[in-house]
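Keep the picture open beside you as you read.

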Amino acid sequence: MQSLPCRKALLSLAMTLVIATAGFAQSADPQAKQKTAASAKAAPLALQLEPKALDILKATSDRLAGAHTVSFTAVELFEQLTRQDVPVGYTAKYEVTLQRPDKLRVLKPADGAASDFYYDGKSMMAYAPVENLLAVADAPATIDATMEKAYKLGAIYFPFDDVIVANPYGDLASGLKHAYYVGQSHVVAGTTTDIVAYAGDGVFVQIWIGADDKLPRLMRAIYLDDPNRLRHELAFTDWKLDESVAADTFAPPSSASTAKHIPFAHPHPELPPSATAPAKAKPAKAQ
């Protein structure tokens, strides 16, 4: 067995040979270092609109737009920075029912202050059941136009609005810059989903869509101009399409008859009424 000093000497000799060899190689090609550094930088991937991804998004749009009535539950998870400059998550639940083209009900029982929104084709109503407050305003003839007016008039915005517009893919396509197929999941919502990622209008979205029924199950969005890259998620459950809906579904409950009427106004009046809605996270335009 070699002595420790002998092994140290051999190790030193080996290291000397390695260093010498490396030095010789570098001196033989003085541009080797620059070439290596340049090759280490991967060329950015070109933006693309992958046909398979677009086909899935179109199929989802067709399924939703083709339904006369739609109902679902959406649970939102969004992040906000704390005083420690780290994100903390908050949640909200929405119970949604619509009848195309001119009826919508959104119940928000939790978390935070409970609030309801009703649109019956003629009027839109925002109702706070705990405070017993009701705001009423005339409304346009379609769900799309009413959501736009509700935002401009009262800053009312729903993170799932891209799912309920008349033509989800049509709204998405105009700003779409990048879309590709990620693969399949057998975990989300307990079913097989196709995963698509896409970017446009300043937002990057990943969406899980039922492989068979073409209905959204989960969406994750990151706004590209947000330096903190805070995440926004929407989980969809309880989908029901083309089921009968009672006529009184789109009217406030009887308890609203005693509510105090308040103006349908923007909660931050310092903002101009022409302010546009926030960037949308799609298959629609979600915040």
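A nonpolar core is a set of buried Ala, Val, Leu, Ile, Met, Phe, Trp, Tyr and Cys residues joined through side-chain atoms within 4.5 Å. Buried means under 20% relative accessible area, with exposed over 50% and partly exposed in between (1.4 Å probe, protein chains only). This is a predicted model, so local features need pLDDT of at least 70 and side-chain atom pairs count only at pLDDT 80 or more, while totals for chains, interfaces and linings use all residues. Residues are numbered from 1 along each chain as its sequence is written, and side-chain values use heavy atoms, with hydrogens and water left out.

**The cores**

The largest nonpolar core has 50 residues, and those touching the most other members are Phe 72, Leu 104, Phe 117, Phe 160, Tyr 198, Phe 236 and Trp 239. Helix α3 (residues 51-65) gives this core its largest share, 5 residues. Helices (H or I, at least four residues) and strands (E, at least two) are DSSP runs, numbered from the N terminus. A second, separate core of 7 residues includes Leu 107, Tyr 118, Tyr 127 and Ala 256. In soluble globular proteins, nonpolar side chains tend to be buried together.

**An enclosed strand**

Where does strand β5 (residues 123-128) lie? All of it is buried, 6 of 6 residues, so the strand is largely enclosed by the rest of the structure. Ser 123, Met 125 and Tyr 127 are buried on one side of β5, and Met 124, Ala 126 and Ala 128 on the other.

β5 pairs with β4 (residues 115-119) and with β6 (residues 133-138); strands pair if DSSP finds at least two bridges between them.

| Pair | Sense | Bridges |
|---|---|---|
| β4 and β5 | antiparallel | 4 bridges |
| β5 and β6 | antiparallel | 6 bridges |

Phe 117 stands opposite Ala 126 in β5, and Met 124 faces Ala 137 in β6. The hairpin of β4 and β5 has 3 residues between the strands, and Gly 121 in its turn has a positive phi of about 100°. In the hairpin of β5 and β6, with 4 residues between the strands, Asn 132 has a positive phi near 60°.

**A helix with a buried side**

In helix α4, the buried residues are Ile 143, Thr 146, Met 147, Ala 150, Tyr 151 and Gly 154. They cover an arc of only 135° (taken from the directions from the helix axis to the C-beta atoms), which puts them on the same side of α4. Their cover includes β2 (87-99), β3 (103-110), β4, β5 and α5 (161-164). After α4 comes Ala 155, with a positive phi near 55°.

Conventions:
Contact = heavy atoms within 4.5 Å.
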